[in-house]
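Have the model open while you read.

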Amino acid sequence: MGDTCCGAESMGAISALITSELPGAFVHSIQIGTTEDEDLNAGFFGVALDHVAQACKQIKSIPLLADGFNAIGFSQGGQFLRAYVETCDDGPRVHNLITYGSQHMGIADAPNCADKDDAQCSLMRRLLRNGAYLPWIQQRVVQAQYFKDPRNYAGYLAQSLFLAKINNEVAASRNTAYRDAVAALNRLVLIKFADEATVVPAETSWFGYYDEDLNIVEMVQQQLYIEDWIGIRSLNENGRLDRLVQKGVHVRLVFLCCTELKLVAMQMNIDEDFFVNEIIPKYLANAITTAENVLVDQSE
């Protein structure tokens, strides 16, 4: 949201950092649409599952990804990549899925805009607050499709075009293939920001969320976890789910300077030491079926 796939001032900086640490790695950043402007717009407007279908088609067309890859998604890119794992039946397999500040259990308020002059973000907030479950907003505003009103769960189940589906929350249409696909990951890594202020509640990054009294219900107490609707209980009980905390606020990239493809300063807030020492060697440098280290890096 607010970032583009490939520009040096956006996700391209992350790709450069990864390749500087993993020489010879193939890094692909997903672009929705045919231009960076269309990709930026898609972070706010459109149908999320259509975007995921585009990503599925795109990934399947890349021979270097055919044997599988490690994937990292920033902010809403994390739940979109999880949706890829669940819905792209014949696509290349994800080995490790790393999500940074993602909204896996939804949001209870419109995300704050990092740039107050961002017209697209401001429009999204107005539409979301005017009626997230109105069909014409659901069909147009991406953030409405993972908005979950803690005091109107029935409305969420009835109207959500995205999150209720990929979280298998609608009993009548629950899909065990989604559960099996997530449970087949080698590892799921959930990263929460210590000073999260953009996403409400912050615990959504760890599959926690509000109850109707606005008390936080942790992941292991969620019905989704208890009944293992999407495979995260299986992952956790088999030691393949990691929950990490990174210092700082929500992801937002401001590219300041780079030297020899290494970022000197990055406000995303991606802590470079944490990313380089904890994330890259442990989760991105071990694609198991290819000679190269392969991953998909997405943020919209």
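This is a predicted model: local features need pLDDT of at least 70, side-chain atom pairs count only at pLDDT 80 or more; totals for chains, interfaces and linings use all residues.

Residues are numbered from 1 along each chain as its sequence is written, and side-chain values use heavy atoms, with hydrogens and water left out.

**The helix pair**

Two packed helices are described by the angle between their axes and the distance between the axes. Here, helix 4 (residues 76-87) and helix 9 (residues 176-183) have axes that come within 8 Å and cross at roughly 110 degrees. Helices (H or I, at least four residues) and strands (E, at least two) are DSSP runs, numbered from the N terminus. The axes are lines fitted to C-alpha atoms, for helices over the stretch in contact, with angles from 0 to 180 degrees between N-to-C directions. That makes helix 4 and helix 9 roughly perpendicular to each other (65 to 115 degrees). Helix 4 passes helix 9 in a right-handed crossing (the near helix is turned clockwise from the far one by less than a right angle).

Who's touching whom? On helix 4, Arg82, Val85, Glu86 and Thr87 make the contact, and on helix 9 Tyr178, Ala181 and Val182 do (heavy atoms within 4.5 Å). By type, the residues of this contact split into four nonpolar, one polar and two charged. Ala, Val, Leu, Ile, Met, Phe, Trp, Tyr, Cys and Pro count as nonpolar, Asp, Glu, Lys and Arg as charged, and the others, Gly among them, as polar.

**The salt bridges**

The whole structure has seven salt bridges (a side-chain nitrogen of Lys or Arg within 4 Å of a carboxyl oxygen of Asp or Glu). The table shows some of them.

| Pair | N to O distance |
|---|---|
| Asp90 and Lys60 | 3.0 Å |
| Arg179 and Asp180 | 3.1 Å |
| Asp242 and Arg187 | 3.1 Å |

Asp90 sits in the loop between helix 4 and strand 3 (94-100) and Lys60 in helix 3 (residues 48-60), so this pair ties together parts 30 residues apart in sequence. Asp90 is exposed at 59% relative accessibility, while Lys60 is partly exposed at 39% (buried means under 20% relative accessible area, exposed over 50%, partly exposed in between, with a 1.4 Å probe and protein chains only).

Arg179 is partly exposed at 30%, and Asp180 is partly exposed at 40%.

Asp242 counts as buried, with 17% relative accessibility, whereas Arg187 is partly exposed at 23%.

Methods:
Angles under 35 degrees count as roughly parallel, over 145 as roughly antiparallel, 65 to 115 as roughly perpendicular and the rest as oblique.
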